[in-house]
Amino acid sequence: MLGSLRVRLPLVFLAGIVLAGLVTTLISVRLFQDYAHDQALNSLNREASGIATLYSNAVRASYGNKAGDRNPPSFAADNLEQATGDKIYWIGPELFPGQQELTGLKHLPAKTIDWQSGKSLSFELNLKHRKYLAVANPIFLGTQPIGAIVVATPKTDVRHRVAVLIERLALAGVLGLLVAGLLAWYLSRRIVRPLLQLSDAADEVAGGNYAVKVPRRAPGELGHLSERLKAPPGGSP
């Protein structure tokens, strides 16, 4: 049965469609992974920049207080974390000694990044056996960097977005295969039917039966062969 043209032709069509679909899916998943990663970093950059600006203003106001009292910001990191959905950390020296609990910023080791460079940095952060995408934004007092705000989001959140895409692509792929299978079956019948009819007609002509019926509307080269089979032997039709 597998040697039959009416079986092999649909399988060839279907295999080509499946291969094209797999290649397209793999490329789409890879591109979306890069896109999701870039979007996550862009979001972290915006949040880190905004939060660093808040703390920078608070630090300048506190250090510029002529009374000499250095009070921490009135806003708490917990509120900012709830608003952004991300983790917020501090790298650098104590800005408000003895009052850290009021700011709520969790400290990261100074060696985590080169915060003294005064540059915004993107990096991967490993905490408690969990990986994060993180962005650090420096805080300046004048022109001198005095620390950095770090905003981080779990890498699992980024992978979850890709997993959702893969699920949807898989569903679309199954539906696409069903449509492709029906299309392959239909096209193969349109191509194979006149070919098999011509094959049977050729057998009849070879056996001396010149009155055999041949397809009247065979496409392309098959139509040409059909006309040749209609012609009587030794002469023009």
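Two strands count as paired here if DSSP finds at least two bridges between them. With that in hand, here are some close-ups of this predicted model.

**View A. An open sheet of 5 strands.** The strands run in the order E2-E1-E5-E4-E3, and their pairing is mixed. Strand E2 (106-107) and strand E3 (121-127) are the edge strands, each pairing on one side only.

**View B. Strands E1 and E5 side by side.** Strand E1 (residues 87-91) pairs with strand E5 (residues 144-154) in the antiparallel sense, over 5 bridges. Look for Trp 90, which stands opposite Ile 149 in E5.

View C. Asn 137 belongs to strand E4 (residues 130-141). Its relative accessibility is 14%, so Asn 137 counts as buried, the cut-off being under 20%. The side chains of Asn 137 and Ser 120 are joined by a polar contact of 3.4 Å. Leaving aside residues up to four places away in sequence, Asn 137 also touches residues including Ala 48, Ser 49, Ala 52 and Ile 149.

**View D. Phe 32 with Tyr 35.** The structure holds 1 aromatic pair. Phe 32 and Tyr 35 form this tilted pair, with 6.1 Å centre to centre and 40 degrees between the planes. Because they are 3 residues apart in helix H1 (residues 5-63), Phe 32 and Tyr 35 are separated by about one helical turn. Phe 32 is partly exposed, with a relative accessible area of 25%; Tyr 35 is partly exposed too, at 47%.

**View E. Lys 106 and the ring of Tyr 89.** Here Lys 106 lies over the face of Tyr 89, 5.5 Å from the ring centre.

Conventions. Residues numbered from 1 in each chain as written. Predicted model: local features only at pLDDT ≥ 70, side-chain atom pairs only at ≥ 80, totals over all residues. Heavy atoms only, no water. Helix = DSSP H or I, 4+ residues; strand = E, 2+ residues; numbered from the N terminus. Buried < 20%, exposed > 50% of the residue type's maximum accessible area, 1.4 Å probe, protein only. Polar contact = N/O pair within 3.5 Å; in protein donor to acceptor, adjacent residues only side chain to side chain. Contact = heavy atoms within 4.5 Å. Phe/Tyr/Trp six-rings, centres within 6.5 Å; stacked < 30°, edge-to-face > 60°. Lys NZ or Arg CZ within 6 Å of the ring centre and 35° of its normal.
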